[in-house]
Amino acid sequence: LTEAGLGARAKVWPLIAACGIVLLAFGNEFDGLDNAVYLNRELERWGLVRTHNLLSWHLMQSTGHYYLLAVRKDVGEARCLEELNCREGTRHPTVGRDST
């Protein structure tokens with residue numbers, strides 16, 4: 001998703017918003033676009049900040065790349081688990097900050 005053009009990205013958001021569980025990997029920047037700003041804007045625009053528990057953390061072996069987990073609130077919670085390299089020190093500074 002975050003390595004596609006904006007037109008292709010726009011086509012995917014209705015599907016993402018309808019999903020119960022979404023797991024994306026993303027880099028902070030791709031082709032001059034700030035993906036953190038983009039993701040925060042689209043998460044708000046499509047209502048996932050209200051309908052889903054959001055969590056984003058650093059991939060274990062890749063600097064500058066993160067996972068974004070979105071779990072619809074009626075499906076379950078998004079938990080930050082150290083076994084998956086998720087802890088306060090690996091959380092993304094701005095994306096998916098509403099869940100613990």
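**Entry 1: the overall layout**

I started by listing the secondary structure, and the protein chain comes to three helices and five strands. I am working from a predicted model, which I note here for later readers of this notebook. Next I read the elements along the sequence and wrote down the pattern α-β-β-β-α-α-β-β.

**Entry 2: overall dimensions**

I looked up the radius of gyration and found 13 Å for the protein chain. A compact globule with 100 residues would have a value near 13 Å, so the two agree. I also boxed the C-alpha atoms along the principal axes, and they fill roughly 35 × 35 × 15 Å.

**Entry 3: burial, surface and contacts**

What share of the 100 residues counts as buried? I get 39% for the protein chain. For the surface, I noted that the chain exposes about 5800 Å², with carbon and sulfur atoms supplying 55% of that area. Then I turned to contacts between residues at least 6 apart in sequence, and 61% of these join residues at least 24 apart.

**Entry 4: α1 against α2**

I picked one helix pair to look at in detail. Two packed helices are described by the angle between their axes and the distance between the axes, so I looked up both. Helix α1 covers residues 6–18 and helix α2 covers residues 35–45. They pack at an angle of about 35°, and their axes are 12 Å apart. I recorded the crossing of α1 past α2 as right-handed.

Which residues make the contact? From α1 I wrote down L6, R9 and W13. From α2 I wrote down N35, Y38, L39, E42 and L43. Sorted by class, the contact of α1 with α2 has five nonpolar residues, one polar and two charged.

**Entry 5: two residues with positive phi**

Most residues other than glycine have a negative phi, so I made a point of noting exceptions. D31 is one of them, with phi near 50°. I located D31 in the loop between β2 (29–30) and β3 (33–34). Is D31 buried or exposed? D31 counts as exposed, because its relative accessibility is 73% and the cut-off for exposed is over 50%.

N85 is another non-glycine residue with a positive phi, near 70°. I found N85 in the segment after β5 (65–72). Its relative accessibility is 9%, so N85 counts as buried, given that buried means under 20%.

Note on methods:
Residues numbered from 1 in each chain as written. Predicted model: local features only at pLDDT ≥ 70, side-chain atom pairs only at ≥ 80, totals over all residues. Heavy atoms only, no water. Axes fitted to C-alpha atoms, helices over the stretch in contact; angles between N-to-C directions. Helix = DSSP H or I, 4+ residues; strand = E, 2+ residues; numbered from the N terminus. Left-handed = near helix turned anticlockwise from the far one by under 90°. Contact = heavy atoms within 4.5 Å. Nonpolar A, V, L, I, M, F, W, Y, C, P; charged D, E, K, R; others polar. Rg over C-alpha atoms; globule rule 2.2 N^0.38 Å. Buried < 20%, exposed > 50% of the residue type's maximum accessible area, 1.4 Å probe, protein only. Areas by Shrake-Rupley, 256 points an atom, 1.4 Å probe, with all protein chains shown as cover.
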